[in-house]
Amino acid sequence: MKISEQWLREWVSPDLDTEALAHQITMAGLEVDAIDPVAAAFSGVVVAEILSAEPHPDADKLRVCQVSVGGETVQIVCGAPNARAGLKAPLAQIGGVLPGDFKIKKAKLRGVESQGMLCAEQELGLSDASDGLMELPADAPVGTDLRSYLDLDDQVIELSITPNRADCLGVSGIAREVGLLNNLTVNVPIYDRATESITNTFSIDVKAAEACPRYVGRIIKGVDVSRPTPLLIQEKLRRSGVRSIDAIVDITNYLLLELGQPMHAFDLQKLEGGIVVRHAKAGESIELLNGQTVEVRPDTLVIADHNGPVAMAGIMGGQSSAVSAGSTDIFLESAFFAPTLLAGKARSYGLHTDSSHRFERGVDFQLQVEAIERATCLLLDIVGGDAGPIVHFSSPDDLPVRGDVHLRAARIQKVLGFDMEAPEVERILSGLGLGVTATADGWHCSVPSWRFDIAIEADLLEELARVYGYNRLPVTHIHADLVMQAKPEAGLSVRYLRRHLSARGYREAITYSFVDPQLQRVFSPDCEPVALSNPISAEMAVMRTSLLPGMVDAVLRNTNRQQPRVRLFETGLRFVTNESGLQQTPMLAMVCTGQRFAEAWSVPDEALDFYDIKGDVESLLALTRSPESFAFEASTHPALHSGQTANITRKGEIVGVVGTLHPSVVSTLGLNEPLYVCEIELAALLAGKLPEFQELSKFPEVRRDLSILVDKTVVSAQLLNDVRTSAGTYLKDLRLFDVYTGKGIDPKRKSLTLGLTFRDQSRTLGDEDVNMALGQVIDLLEKNYNAELRN
C-alpha cells in the first residue's frame with residue numbers, strides 16, 4: 001500500500017522527519033518497504049498558459065505557440081497533439097533542469113526559435129508514459145513554480161500491511177497508529193451530511209445476508225461527469241498508485257484509500273428494477289470493467305439487477321452498468337461482505353483488486369453509512385446533482401460479533417517482563433479504539449468494529465508491546481523450574497534418521513502441505529483430500545494425503561534445472577479424512593533418480609534401480625535394531641509400476657510403500673529417467689528395540705552354499721523366511737547372493753544361490769550338525785517349492 005506523507009500529515013503530523021516516521025511505523029509492526037519522492041528532481045519549471053498555437057511553417061506535426069509565463073510571453077515550438085490556445089501546462093524555462101540532468105537551452109526547431117519546453121508528465125518524472133502535455137487546471141496561477149503549486153516536495157511511503165491489519169489499509173488507520181505512537185490527536189476531516197433534495201430511492205433485496213450482512217445505497221441525480229476531479233485529489237490518487245479516470249470513479253477510489261471502504265457507482269439508467277444481492281445462477285456470465293468476461297460459479301456472490309449480474313460482489317463492477325461520460329444519474333453503493341466467504345474468490349478467477357484485497361481481510365462493518373455520506377458530499381461539490389435518501393439493509397445476526405476481552409495486570413508482568421503503569425495501559429488501549437473499563441485485577445475491553453485480530457488476552461498483550469515499543473521492552477532473564485523429560489532409550493529420533501539419510505547421499509527437502517489436486521489424484525485416486533477454502537493458487541488447492549506429490553514436484557524442478565542425479569527425503573504430515581475425522585500422520589518420504597554414483601573416474605556409470613532405494617530403506621529399518629519385524633510384500637499402487645512395488649509391513653501391519661514410478665506417470669510429468677519412491681510412517685521407524693548384549697562366540701563359523709532351481713513365481717523373501725525357520729538354532733546368517741536366469745536354465749525357472757552360516761556359542765560344530773540342518777532345509781525346499789539342487 002502506498003500513501004503520500006503529506007496526506008498522512010493532514011491527519012496527524014508528528015515532529016519527525018520522513019526517515020524517523022518510517023522507522024517508527026515499521027517498529028510498530030507496519031513495515032515500510034520503500035520511501036520514494038513523488039517526482040524526480042527538476043527546477044525552472046513554471047505554470048504557463050498557451051495564448052495561441054499556430055502550425056509550424058516547415059513541419060506538419062509541430063506548432064508554434066505563444067506562451068504566457070506571467071510577466072512575459074515567450075515563443076515555444078511544441079509537437080504535443082493537445083497543444084492549444086487556453087491550455088495551462090508546465091513550461092521548462094531556459095536554464096531549467098529536467099530529470100536526467102537535461103538542461104533547457106534556447107534552440108531552433110526547423111528554423112523557428114523556441115525559448116523553452118512545454119512538458120508532459122513523463123518528462124517531469126510524474127508518470128511512466130504520457131500522450132501529450134500535462135494539462136493543469138484552468139485556475140492554476142500562471143508563473144507559479146510547478147513544484148510549489150503541486151506540492152511535489154513530498155514522499156511516497158510504501159507499506160507492507162500484514163493480513164491481520166486490514167484496519168491499516170487506509171490513511172485513517174495509519175493516522176490512528178501514528179497519533180497513538182506520538183500521543184497526538186488525529187485530525188479527522190469534518191464534513192456536513194448531504195442534504196437529501198430528492199425522494200427517489202432504488203430498492204435493495206439482499207438474498208444472501210450471511211455473505212452480505214450490510215448494504216447501503218443512494219441515488220444521486222443530475223451529475224455532470226465532464227467536470228474534472230480537483231487536482232489535489234488527483235495528486236493524492238497518483239501518489240497512491242491509482243490512475244485518475246473521472247470524478248465519480250476518482251471519489252470512490254479516494255474513499256477507499258482514505259477510509260479503507262471500497263465503494264462502487266452504477267449508472268442508474270442502466271439498472272433495471274432494483275439491486276439484488278445473491279449468489280450467481282448456473283450459466284450466468286458478466287463482462288467486468290477490465291474487459292474480461294467470466295462465467296460466475298454458483299458459489300460466487302454477485303450484485304444483480306432484475307436482468308442479471310452487474311458486478312462481482314467485493315471484487316469488480318460490470319461493464320454493462322458502468323458510469324460513462326454520458327451518465328447523469330448514479331446509484332452509489334457501500335457494503336460489508338463477510339471476509340471468510342469472500343476469501344479466495346478473486347484469485348479463483350485470476351483477479352486481484354484493491355476492493356477484494358480489503359474485503360478478504362475485513363472492512364469496518366460500521367463504516368458503510370459514514371463512507372457513503374462522505375462520498376456524497378464530495379460528489380455534490382465536484383459533479384453537482386441531487387442526493388436521495390440512503391436505503392439501508394442490515395442483518396445484525398450475520399454481522400461479526402465482537403466479544404469483550406479481559407486483560408489481567410499480572411499477565412503484563414509475566415508475559416512482557418515488566419510492570420506497565422495503569423495510565424499507560426489505558427492510554428494505549430483507548431488509543432487503539434477499545435473501550436476500557438478498569439476492574440479489580442485488570443481491565444475489561446470492548447473491541448472496535450475495525451479490529452478483526454483482537455479476540456483473546458494475548459492479542460491485547462501484543463498490542464501493548466507493539467505500541468510501547470519492542471525495542472523499549474526490558475531485557476530480563478527467564479526463570480523457571482524445569483524438569484527433564486524422560487527419553488525412552490529404545491526410541492529413535494527424527495534427527496538421527498535425517499543424519500543417516502544424509503550420510504547415504506540424500507538431501508532434506510521441505511515442501512508445501514498444499515499440493516496440486518490433479519497430481520494428488522495420481523497418487524491417491526480413492527482418497528478425497530481436504531480442500532482449502534482460500535488457496536494460495538489453483539496448484540496448491542488441497543492438503544496432501546501423501547508426501548510423494550510434493551517430492552515428485554521437487555524432483556521435477558531439480559531435473560529441469562540440469563540436476564541429473566537427485567536424492568531427496570522429507571519428514572512431514574499427511575492429512576487423511578476418515579470416520580473419526582482428520583487424521584494427521586507423521587511420514588518419511590524418499591525419492592531418487594539418475595545415476596547410482598556421482599560422476600567420477602573411480603566408479604562405474606550405472607543407473608539406479610529398484611533395489612537401490614530398497615537397500616536404503618532396509619538401512620533405515622536396521623536402525624530400529626529389529627529389522628526382522630519388517631517385511632516387503634509385493635503389491636500394487638495407482639502411481640507405481642506393478643512389477644516393482646512392495647508394501648512395507650511391520651508385524652503384519654502395512655506401514656509404508658516402496659516402488660518405481662509408473663512409466664506413464666514418468667512420461668506425463670516430463671521426467672527423463674525412472675523415479676524410485678518410498679513413503680513410510682515415522683512411528684514405525686522411531687519405535688526401536690532396546691539393545692541387548694550378546695557374548696561373542698569363541699568358536700568358528702561354518703559356511704555352506706546352496707544353489708537351487710525354483711519357479712520364477714517364487715517370492716524370495718518368503719523362501720528365505722522358511723529357510724530360517726527350518727535351519728534350526730545354529731543358523732546365524734542367511735544371504736541370497738546370486739539370482740540367475742538364462743542359458744542352461746528352464747525358461748520357467750530361476751536359480752537362487754544361498755549362503756548359510758552356522759555357529760554355536762558353546763562348541764565347534766561338526767559336519768554332522770551342519771549336514772543335518774542342511775538336510776532339513778533341502779527337504780523343506782523340495783517339498784514346499786519343488787526345488788532342485790544344481791550341480
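Tutor: In α5, the residues I233, K236 and L237 meet D250, I251, N253, Y254 and L257 of α6, where contact means heavy atoms within 4.5 Å and where helices (H or I, at least four residues) and strands (E, at least two) are DSSP runs numbered from the N terminus. Sorted by class, this contact of α5 with α6 has five nonpolar, one polar and two charged residues; Ala, Val, Leu, Ile, Met, Phe, Trp, Tyr, Cys and Pro count as nonpolar, Asp, Glu, Lys and Arg as charged, and the others, Gly among them, as polar.

The model is predicted, so local features need pLDDT of at least 70 and side-chain atom pairs count only at pLDDT 80 or more, while totals for chains, interfaces and linings use all residues. Residues are numbered from 1 along each chain as its sequence is written, and side-chain values use heavy atoms, with hydrogens and water left out.

As for geometry, helix α5 (residues 231-239) packs on helix α6 (residues 247-259) at an angle of about 55°, with the axes 10 Å apart; the axes are lines fitted to C-alpha atoms, for helices over the stretch in contact, and angles run from 0 to 180 degrees between N-to-C directions. The two helices are therefore oblique to each other, the class left over once angles under 35 degrees are called roughly parallel, those over 145 roughly antiparallel and those from 65 to 115 roughly perpendicular. The crossing of α5 over α6 is left-handed, a term for a near helix turned anticlockwise from the far one by less than a right angle, right-handed being the clockwise case.

Helix α6 also packs against helix α10 (residues 368-382), the axes coming within 10 Å and crossing at roughly 140°, and this crossing is right-handed. On the α6 side the contact is made by A247, I248, I251, Y254, L255, E258 and L259, and on the α10 side by A371, R374, A375, L378, L379 and I382. The residues here divide into 11 nonpolar, no polar and two charged.

Two loop residues other than glycine have a positive phi. R110, with phi near 55°, lies between β8 (107-109) and β9 (112-114) and is exposed at 56% relative accessibility. D151, whose phi is also near 55°, sits in the loop between α3 (146-149) and β11 (155-160) and is partly exposed at 44%.

Note on methods. Buried means under 20% relative accessible area, exposed over 50%, partly exposed in between (1.4 Å probe, protein chains only).
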